[in-house]
Protein chains: 2
Amino acid sequence: MEKYNALYAQSGGVTAVINASACGVIQTARLHTDTIGKVYAARHGIIGALTEDLIDTTHESSSDIAALRHTPAGAFGSCRHKLGAIEKHRRQYERLVEVFSAHHIRYFFYNGGGDSQDTAYKVSQISKELGYPITCIGIPKTVDNDLPFTDNSPGFGSVAKYVAVSIREAGMDVASMALTSTKVFVMEVMGRHAGWIAAASGLAAENEGDSPHIILFPEIPLNTEAFLKRVQECVKKYEHCSIVVSEGVKNTDGTFISESGLVDAFGHKQLGGVAPVIAKLIKENLGYKYHWAVADYLQRSARHIASKTDVDQAYAMGQAAVELAIAGKNAVMPIIVRDKGDTYGWSVGEAPLEKTANVEVKMPADYITPDGFGITDACRRYLSPLIQGEDYPPYRNGLPVYVKLKNLPVEKKLRTPFEIA
Amino acid sequence: MEKYNALYAQSGGVTAVINASACGVIQTARLHTDTIGKVYAARHGIIGALTEDLIDTTHESSSDIAALRHTPAGAFGSCRHKLGAIEKHRRQYERLVEVFSAHHIRYFFYNGGGDSQDTAYKVSQISKELGYPITCIGIPKTVDNDLPFTDNSPGFGSVAKYVAVSIREAGMDVASMALTSTKVFVMEVMGRHAGWIAAASGLAAENEGDSPHIILFPEIPLNTEAFLKRVQECVKKYEHCSIVVSEGVKNTDGTFISESGLVDAFGHKQLGGVAPVIAKLIKENLGYKYHWAVADYLQRSARHIASKTDVDQAYAMGQAAVELAIAGKNAVMPIIVRDKGDTYGWSVGEAPLEKTANVEVKMPADYITPDGFGITDACRRYLSPLIQGEDYPPYRNGLPVYVKLKNLPVEKKLRTPFEIA
């Protein structure tokens, strides 16, 4: 059986565990040297594939590849770039064939979210459209948890754990100080279109009075009056109020609150930061002293507090992608399938890329309490297993040791550079 | 020997390890029941002492008291309240004597920063001024690391670890995305008057190109031109730039940058948030896509990533406070003494409260690089030992298990309530 090389690439916003998937791909491929030759990685996702900017991972030691499992962010660089349709952008696909052909690449693994699976699907069509035999497998990844078919998306569980741990800790801080100082704390989390991450913070509230007291979801337009009433009730009842707000929360007219509040000294709108707007709303109406935090990239890169379940699943997706390719599958994406029954368990399934691309899964309506400010037991049952287990990285000098790969380039074989549109 | 009760209280901004000091106090007192009767805790610091709002810690189990060691925030509530001078506010001190006397309290342990040690010192004068025999021992605590005599302040090491870990992780995230997305990341950290916390983030930069690339200190007025030049250099050299900014960074005219940038829709100045102002400055002048984070309370409550050295020292300070009291000392505060020589080691010393109160220790000038944007090797040598070691809390359901004490009240014995001025 003739051996061909594989190309792995990372796409879209990176996570605490996308490198665990890379680890799964490379370690599994190294076990199947009878089928797969070298594993190359494209620098910065599909852009590296188009520009022939390839990395030869065979130069990386076994221990460095193993260390990818506990290293956050994208070890090979990621990108935000979608391939256009083949009919309109045929030259791009021809270029990919040139690169694949020049480097004997017949396996392509694309690790990303919905947009990236669209790219993976388009690449998978190359065999049919351009006659070059490429096996293309998508690998799921997104903190937004909005991919279809899979029970959850690798990357999400670790953000979920981070936000729940953080609001538990910060909420206790506020509770300690409330008598004479801060009474209201607002923590902003990611989630422009769906409230999955905000919802996960609700796992921290296990007993009456626990933080967070209020969650603001992008799914529920902010009812200012009801919200302020609830804040006041919390302060009266618990002396303080901890609020988690999704960056995507909207006014009743559908505009983002993050864009409605602040202007700079020149009158320009200030982008980003819904937490200070919410805090100010409370201050102006109720007068409470407040603090606010914006976790931003800290939440999605926090490998130090990653969910073990998430790490295991991210690794399994990378491993399964290679196994699917070896089994002759094409245009599929491995997925996480939750066991039926009360005890949490999961296995690996697969879904067709054609139906995976560009589909955004919303949070079920019955995951949000009728008042719009909390999560239901159904939501809790779904989310809780995803944050289980700790998987601490090694430390040196008091800091986590994250691997930096050599990332040695593959010698270019094409004479013409390629301009990304 | 007649036994008297002890009163312990927490004051000022709480930390990830102030309860470790409480644990040290209570566990040590429980070993000396021949000398110390009950340990009471004042609810919300000195306010609880004045209002006779006392907690009887004898109702707490050994395991719950032990769990204080890994529980962030203030288990008994803290406060921001300074006692006035005895000459002017004699009634307050008489009231303290009434409360102490009613509850057979002759040991007072006050756990806090500079302002709180001022209160502790004033309480220690009660014996002389009002003739009531009270032994008062201060216990150091502050994330600001600005207490005199002690090599470092309990609470600081854990914030230091948090900010260094966070910028390492978020910096890697930005590096992955820089080609097609965010190029500049700004993380705001605490430190209104001194740059200790911002400096600690510099520990994450161990190799050329590591984050953070630029640190902005409150000690160095922002030179906009030099700063923007440096940002541009970083982006050219490393494709991205990670910046840590202290909340207290100032303009060259001495005003806080956090107060200079934003107004709301009504033209009112927006308080807090220097990170968005810095991010916007970069965007407007250099055009780079940016993200920013404000860690706020997350940094000082992050017990999940506490420094073991910090936890050990916080505990030791509580333990030493009781031992000093039993040894007949008064008006002192245990301190951390760093061993001389190249290998880090520390022991417990003591300092007079009279000279501890209201003194703010600044960061040495030679801890900041001449360009004003980084830390020197001397700074690194001082800071590095303080973040060593991990001390993970136990987890249940994927979340850290923090103890919530019963906090049963001590029956009031005084007939008159007391109004706090």
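H9(B) and H10(B) are roughly perpendicular to each other, a label for angles of 65 to 115 degrees. The axes of helix H9 (residues 224-238) and helix H10 (residues 274-286) of chain B cross at roughly 75 degrees and come within 11 Å. Axes here are lines fitted to C-alpha atoms over the stretch in contact, with angles from 0 to 180 degrees between N-to-C directions; helices are DSSP runs of H or I with at least four residues, numbered from the N terminus. From H9(B), Thr224(B), Phe227(B), Leu228(B), Val231(B) and Gln232(B) meet Ile278(B), Leu281(B), Ile282(B), Asn285(B) and Leu286(B) of H10(B), where contact means heavy atoms within 4.5 Å.

The model is predicted: local features need pLDDT of at least 70 and side-chain atom pairs pLDDT 80 or more, while totals for chains, interfaces and linings use all residues. Residues are numbered from 1 along each chain as its sequence is written, chains are lettered from A and ligands numbered from 1 in the order written, and side-chain values use heavy atoms, without hydrogens and water.

Ile18(B) lies in helix H1 (residues 18-30) of chain B. At 1% relative accessibility Ile18(B) is buried (under 20% relative accessible area, 1.4 Å probe, protein chains only). Leaving aside residues up to four places away in sequence, its contacts include Tyr8(B), Ala73(B) and Lys141(B).

Chain B can be laid on chain A by a turn of 180 degrees and a shift of 0.0 Å along the axis, with an RMSD of 0.0 Å. That is the relation of a two-fold axis. Copies are superposed by least squares on C-alpha atoms of residues with pLDDT of at least 70 in both. In chain B, the C-alpha of Val294(B) comes closest to the rotation axis, at 2.4 Å.

Note on methods
Helix = DSSP H or I, 4+ residues; strand = E, 2+ residues; numbered from the N terminus. Buried < 20%, exposed > 50% of the residue type's maximum accessible area, 1.4 Å probe, protein only. Parallel < 35°, antiparallel > 145°, perpendicular 65-115°, else oblique.
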